[in-house]
Amino acid sequence: MNKYLGEGLGKVMILNLKRGDLLLETIEEELEKSGISNALITSAIGSLQKAVFHRVTGTGPEPEDEYITVERPLELASLQGAVLDHKAHFHMVISDVEKAYSGHLEPGTTVLYLSEITLVEIKGVALHRVKNENNIGMICEMGNK
């Protein structure tokens, strides 16, 4: 286990995404434009017309993933995670009228009517993700591998 401490919170960004906006790509673009490199999602709700995600399917030393695309009206119930060094790592819970899905958010996920996302900048940290020997993304301080 590793522990990293920030020095507080900075800017608060509220995004009101509209029909056809790409969820992950828009969040990362707006963070970049605002000069925010590290952040936490504090709230995320909305509707999606297409969800692209992956989820783990095995228990071996290296991750085994299943990639899924769901194209139908979906509710975005939750989006959790962190942005480190401008790269988002988010997991979501979504549902249609019959079942719920969860997994790691991938590019291509598209807003149906609207999605409201709130992010808060983390100040005083210089972190990023690197893959370890088992191809698992681990948090590291900038400059360390």
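A polar atom in the side chain of Thr26 sits 2.6 Å from the backbone oxygen of Leu22. Keep in mind that this is a predicted model. Thr26 belongs to helix 1, which covers residues 23-33.

Is Thr26 buried or exposed? With a relative accessible area of 18%, Thr26 counts as buried, because the cut-off for that label is under 20%. If you skip the neighbours within four places in sequence, Thr26 is in contact with Leu17 and Asp21.

## The chain as a whole

Zooming out, you'll find 1 helix and 9 strands. Following the sequence, the order goes β-α-β-β-β-β-β-β-β-β.

The chain has 145 residues, and 39% of them are buried. Its accessible surface is about 8600 Å², with 50% of that belonging to carbon and sulfur atoms. Take the contacts between residues at least 6 apart in sequence: 67% of them join residues at least 24 apart.

In soluble globular proteins, nonpolar side chains tend to be buried together. Here, the largest nonpolar core holds 29 residues, and the ones touching the most other members are Leu79, Phe90, Ile117 and Leu119. Several elements each supply at least two residues of this core, including helix 1, strand 1 (8-18) and strand 7 (110-123). Strand 2 gives the most, with 6 residues.

What is Ile117 in contact with, leaving aside its neighbours within four places in sequence? Its partners include Met13, Ile14, Leu15 and Leu17, along with Leu23, Ile27 and Leu79. Ser43 and Ala44 are also among them.

Terms used
Residues numbered from 1 in each chain as written. Predicted model: local features only at pLDDT ≥ 70, side-chain atom pairs only at ≥ 80, totals over all residues. Heavy atoms only, no water. Helix = DSSP H or I, 4+ residues; strand = E, 2+ residues; numbered from the N terminus. Buried < 20%, exposed > 50% of the residue type's maximum accessible area, 1.4 Å probe, protein only. Contact = heavy atoms within 4.5 Å. Areas by Shrake-Rupley, 256 points an atom, 1.4 Å probe, with all protein chains shown as cover. Polar contact = N/O pair within 3.5 Å; in protein donor to acceptor, adjacent residues only side chain to side chain. Core = buried A, V, L, I, M, F, W, Y, C linked by side-chain atoms within 4.5 Å.
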